[in-house]
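Subject: Structure for your review

Dear colleague,

I am handing over the structure below, followed by notes on what was found in it. Please read the notes with the coordinates open beside them.

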Amino acid sequence: MVLGNYKQVIAARSTDAEILRGSQDGGIVTQLFAYALDAGIIDGAIVAGPSDEPFKPEPMVATTREELLASRGTRYSISPNMSLIKEVTRSYGLDKVGVVGTPCQIQALRKGQLYPVGLRDVPDKIALAIGIFCMENFPYQSIIQLVEDHGATALENVSKLDIGKGKFWIYTERGATVQIPLKVTHKYEQPGCHVCLDYVSNLADISTGSVGTPDGWSTVFVRSANGDDIWAKAIAAGAFETKPIDSVKPGIELVTKLATEKITKNQQYIEDRKTKFTVGKELRNPYI
Amino acid sequence: MGILESLKALLFGKHDVGGEKQDVKPEPARKTDAVKEAGKPADVIVEKKASIIKEPKEEKPVADKITVGHVHMSGCTGCLVSFADNYEGLLTILDKYADLVYCLTLADVRHIPEMDVALVEGSVCIQDHIAVEEIIETRKNAKIVVALGACACYGNITRFARGGQQNQPQHESYLPIGDLIDVDVYIPGCAPTPQQIRNVCVMAYLLLKGNDEQKALAGAYLTPLMNLAKAGTEACGCDVMYNVINQGLCMGCGSCAAACPVRAITMVYGKPQVERDLCIKCGACYAQCPRSFFSFDVVNQYEGIIDAIDAALQP
Ligand SMILES: Cc1cc2nc3c(=O)[nH]c(=O)nc-3n(C[C@H](O)[C@H](O)[C@H](O)COP(=O)(O)OP(=O)(O)OC[C@H]3O[C@@H](n4cnc5c(N)ncnc54)[C@H](O)[C@@H]3O)c2cc1C
Ligand code: SF4
Ligand code: SF4
Ligand code: SF4
């Protein structure tokens, strides 16, 4: 249940060396979009691109392989990808839209398809929604605080940021590695993440993350009928190398464990908002 | 009280205004050939044809349909145009699910008749006694009153009216319909989108005529829009500050910015920044926000719901 509905879960990585080189994990997101673009399944995709500031993502519409390559890798900060969901069908003129997002962004997308209050002509144009796993996110100012203050590293010298194995990792251009325990990072998390009840993008067509599979590989959930169809075509086209999920370590149990932890913790926080902050009042609960 | 119970109460019990309107048998719908014959929604020429010849084969029993009216208050007709922008979908809706029994532009009916659903566009000018009478009449005659679009829900751009315009300079006070009558469902947005109107139409039909399972789903779908109607008649870009960011709920998805029809919202460092002078008070940003309302019961079924709506709109 905490993992949502899915048709299959597998370990996978891209067969494209160029994509793998700059990707966060198995290059699933970039490879899927690149394949879908080639195959005419999408006209382009909303991704988190680079911006003027290091590791600050900026939503962008990628309509070429080059633009997709530029968006590889995780930026652990808020990229409001949904802010482009209408514009992508307007000035960009896309009829078949791809979009990648955190679980909450995929929730926003599906709500938007069912309740398109301000999203005229958008609901029918979503061709491929890829979700990534997400435990928490950080405001950009928190990233500055963590890397420059706690990590004593200038952000412009950083080559990669990662969260894994209980730590926040900072890798620098000159080969140094700095690690910060997650108990330090927690307080800098985006507050809205603490009411989040989805770890593995339950509402995506296909969702993916690093947890569950070895370095360089990804865990992939194929969820919707549409996702199933696209995944089968991508496999047939040789886009991915796959392994059964029960053949890899640490496997699906770890995903289930982390998902359960996240959801239990946040459910508790939602409960606390009813009683622990207030007298005779409640903080607002968005889930009705 | 469960959703279904409250809906039943809402639909058939609460608005006991007229006294004589207790009978809940589906009204034999008056057929408006005008609309069905109008062809493309853009050609709104009303052409009355006496329908002596019945097309026996494709006609469904009329009692299966719900009766719907479009009531025009102070609005720009953009909401109605948006409804019409469902093109073939609109024709299917009028063919299979709803008879349009009242609509200034499309149906040749003078007074507000009894109907299942009234879609009210526009706010009410309280200096215009005809408008006031009509909105009261609408409440009396409709089982469900839907505020269609931002002016009816929240006043929207008419909030900024201050009178002085020719040729009725004394018309200066425009109120969202919820300040004058009880409203059951809100469809915010300026203009409300064709797809949102379409979804509400299909769901309203399922609620009134579907089987138990469909009724439950439709009830769950419509509940947030009914809650908006209960929540009040004021909307502003500030709502995403007051009710989302200030409440510690914003996660920076950007849906609010995408929904704003006047681009009053930009995302700055992952949070909405509202240019408050640009805001026309339409309520789209807040209603679109996944942290304003979000029902797992509904959204988890998105695939099934989208398929069902698509299927429902097949001619
Ligand atoms: C804030 C955050 C938290 C995460 N937490 C976890 C976790 O707890 N466990 C786990 O297994 N995985 C987590 N991930 C996912 C993981 O880091 C990888 O993004 C994922 O495995 C995809 O890698 P890939 O090699 O397939 O994709 P790539 O080919 O590298 O492409 C990554 C894609 O993600 C998009 N992207 C990057 N940053 C963001 C962002 N901030 N918001 C939206 N889209 C973005 C890029 O545009 C790109 O399209 C998290 C990701 C983010 C952004
Ligand atoms: S933890 Fe939840 S709310 Fe926060 S960014 Fe991730 S998916 Fe969104
Ligand atoms: S729509 Fe997204 S960005 Fe806007 S207020 Fe809601 S959660 Fe925040
Ligand atoms: S900020 Fe934009 S979307 Fe929100 S109420 Fe104002 S005009 Fe409407």
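A salt bridge here is a side-chain nitrogen of Lys or Arg within 4 Å of a carboxyl oxygen of Asp or Glu. This is a predicted model, in which local features need pLDDT of at least 70 and side-chain atom pairs count only at pLDDT 80 or more, whereas totals for chains, interfaces and linings use all residues. Residues are numbered from 1 along each chain as its sequence is written, chains are lettered from A and ligands numbered from 1 in the order in which they are written, and side-chain values use heavy atoms, with hydrogens and water left out.

Across the interface of chain B and chain A, the rule finds three salt bridges, including the one between B:R263 and A:E87, whose closest N and O atoms are 3.4 Å apart. In this interface, 54 residues of chain B are in contact with 49 residues of chain A, where contact means heavy atoms within 4.5 Å.

As for ligand 2, residues from chains A and B surround it, so the site is shared between chains.

Best regards

Terms used
Near = heavy atom within 4 Å.
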